[in-house]
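Please look over the protein shown here before reading the notes that follow, which go from the overall fold to single residues.

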Amino acid sequence: MLGKLGDQYGKERFLLVSLGVFFLGCVGSIFAWNIWSLIAFRAVQASAARCSRSPSAIVYDEFPREKVGSGVGMVSAMLGIGGGWGSCCPAC
């Protein structure tokens with residue numbers, strides 16, 4: 001379903017909208033007034049994070065055929081390293 005929305009409205013636009021929704025969820029989580037609002041804002045973040053396949057689709061469309069594998073691998077590595085760094089080093 002998310003892939004169809006990306007194809008229908010444009011992958012880049014869909015990625016930017018999902019990043020904006022994710023950012024709003026982050027800001028809402030910072031200012032959550034109780035546990036239930038925090039859970040709601042984290043659910044907003046999770047729904048926006050489901051669009052993490054959009055960068056792979058953009059790489060597939062924009063890169064030459066022989067470079068698609070390394071491009072998708074690079075995007076996946078950045079997501080993995082960023083997630084790991086953010087969870088183990090909150091002071092950074």
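Contact here means heavy atoms within 4.5 Å. The model is predicted, so to speak of local features requires pLDDT of at least 70 and side-chain atom pairs count only at pLDDT 80 or more, while totals for chains, interfaces and linings use all residues. Residues are numbered from 1 along each chain as its sequence is written, and side-chain values use heavy atoms, with hydrogens and water left out.

**Overall fold**
- The protein has five helices and zero strands, where helices (H or I, at least four residues) and strands (E, at least two) are DSSP runs numbered from the N terminus.
- Among contacts between residues at least 6 apart in sequence, 42% join residues at least 24 apart.
- Of the 92 residues, 21% count as buried, a term for under 20% relative accessible area, with exposed meaning over 50% and partly exposed in between (1.4 Å probe, protein chains only).

**Q45**
- Q45 lies in helix α3, which spans residues 35-49, and counts as buried because its relative accessibility is 6%.
- Leaving aside residues up to four places away in sequence, Q45 touches F22, G25, C26 and S29.
- The side chain of Q45 also makes a polar contact with the side chain of R42, at 2.7 Å; such a contact is a pair of N or O atoms within 3.5 Å, and within protein one must be able to donate a hydrogen and the other to accept it, while residues adjacent in sequence count only if both atoms are side-chain atoms.

**W36**
- W36 is placed in helix α3 as well, and it is exposed because its relative accessible area is 63%.
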